[in-house]
Amino acid sequence: MSDSLSGKVALVTGSTTGIGRGVAHCLASKGCSVILTGLIDETLVPKLLEEFTGSYKGKFQFLPSDFLEAEKVESFCQDVLALYPDGVDILVNNAGVLGNGLVDDLTTKVWQETLAVNLSAPFILTRAFFPLMKKRGWGRIVNMSSIMGQAGEIGNVAYCSTKSALIGFSRVVALEGAQHGVTCNAVCPGLVDAPMGHVFAKNLSAQAATSSSNKDDLLKERIPIGRLITISEVAGLVAFLCSDVASSMSGSPVTIDGAYVAR
């Protein structure tokens, strides 16, 4: 068994920044061709692609996307299939929004937008490529959940709800793919040294009335290893789950949180 993914095609959503970008780089370093998508100024797309074409041997394309509307997600899937009629080997549903707010204050609009991006889009993308994975007898689906899908956090009802749902979604997809060589797992990062992780850390500091000078104390209290998780650590875990070495790992919430939820 090998951790090489040479010749595989991966679609990584939300791959223009943060964890998604790190995952795309890690998969490319393992030999994957990667379809990139996410929020980015279109003038920066050539530079993004140059990051990959200048460093790796695979093929790299950027496709614009809008995951707020189901019809646009479905159209995006057709754009991917126009490039790769046989579908993708690896689907990483990483794109997400915070949608933070207390239950009393959260608007219906924010709730629905959070569900659309964090849960409905992964479903539509999986529905598009899952049958093709089963047909070829090999596939990897990784849904980016969160420790907030395993433990609640005040002010994050929409985010926690969608990330919890992704874990249940992953279990069912894993069962339906089990006899076809297709695995599906939910990766649950803790506070990551990435844009969204910084927002979470800032919000936790505000809730605890913690001054910036005591940020290290907050991290040690909430993250026993005493630091934020790195993007490369999360990306490496995703790549491992996509490898043949992890072919028997499926249907699991895989936590990488520095012992956060073990407190």
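Predicted model: local features only at pLDDT ≥ 70, side-chain atom pairs only at ≥ 80, totals over all residues.
**H5 length.** I started with helix H5, residues 157-177.

**H5 burial.** Next I asked which residues of H5 are buried. I got Ala 158, Tyr 159, Cys 160, Thr 162, Lys 163, Leu 166, Ile 167, Phe 169, Ser 170, Val 173, Ala 174 and Gly 177. I kept in mind that an α-helix has 3.6 residues a turn, so residues three or four places apart point the same way.

**H4 against H5.** I then looked at helix H4, residues 108-136, as a partner for H5. The H4 and H5 axes are 9 Å apart and the packing angle is about 15°. That makes the pair roughly parallel, since angles under 35 degrees count as such. H4 passes H5 in a right-handed crossing. From H4, I listed Trp 111, Thr 114, Leu 115, Asn 118, Leu 119, Pro 122, Phe 123, Thr 126, Phe 130 and Lys 134 as the residues that meet H5. On the H5 side, they meet Val 157, Ala 158, Tyr 159, Ser 161, Thr 162, Lys 163, Ala 165, Leu 166, Phe 169, Val 173, Glu 176 and Gly 177. Sorted by class, the H4 and H5 contact residues come to 13 nonpolar, six polar and three charged.

**H3 against H4.** How do the axes of H3 and H4 cross? Helix H3 (residues 70-83) comes within 9 Å of H4, axis to axis, and the crossing is at roughly 30°. H3 and H4 are therefore roughly parallel to each other. H3 passes H4 in a right-handed crossing. From H3, I noted Ala 70, Val 73, Glu 74, Phe 76, Cys 77, Val 80 and Leu 81. These meet Ala 121, Ile 124, Leu 125, Arg 127, Ala 128, Phe 129 and Leu 132 of H4. I found twelve nonpolar and two charged residues in the H3 and H4 contact, and no polar ones.

**H1 against H8.** I moved on to H1, residues 18-29, and helix H8, residues 231-242. The H1 and H8 axes are 8 Å apart, at an angle of about 50°. That makes H1 oblique to H8. The crossing of H1 and H8 is right-handed. H1 brings Gly 18, Ile 19, Gly 22, Val 23, Cys 26 and Leu 27 to the contact, while H8 brings Ile 231, Val 234, Ala 235, Gly 236, Val 238, Ala 239 and Cys 242. The H1 and H8 contact has ten nonpolar residues, three polar and no charged.

**Gly 14.** Is Gly 14 buried or exposed? Gly 14 has a relative accessible area of 17%, so I put it down as buried. Gly 14 sits in the loop between strand S1 (9-12) and H1. Thr 37 is 23 residues away from Gly 14 along the chain, yet their C-alpha atoms are separated by 5.8 Å. Leaving aside neighbours within four places in sequence, I found Gly 14 in contact with Gly 20, Arg 21, Thr 37, Gly 38, Asn 94 and Ala 95.

**Ala 259.** Last stop was the segment after strand S7 (253-256), where I found Ala 259. Ala 259 has a positive phi of about 75°, although it isn't a glycine. I logged Ala 259 as partly exposed, because its relative accessibility is 32%.

Note on methods: Residues numbered from 1 in each chain as written. Heavy atoms only, no water. Buried < 20%, exposed > 50% of the residue type's maximum accessible area, 1.4 Å probe, protein only. Helix = DSSP H or I, 4+ residues; strand = E, 2+ residues; numbered from the N terminus. Axes fitted to C-alpha atoms, helices over the stretch in contact; angles between N-to-C directions. Parallel < 35°, antiparallel > 145°, perpendicular 65-115°, else oblique. Left-handed = near helix turned anticlockwise from the far one by under 90°. Contact = heavy atoms within 4.5 Å. Nonpolar A, V, L, I, M, F, W, Y, C, P; charged D, E, K, R; others polar.
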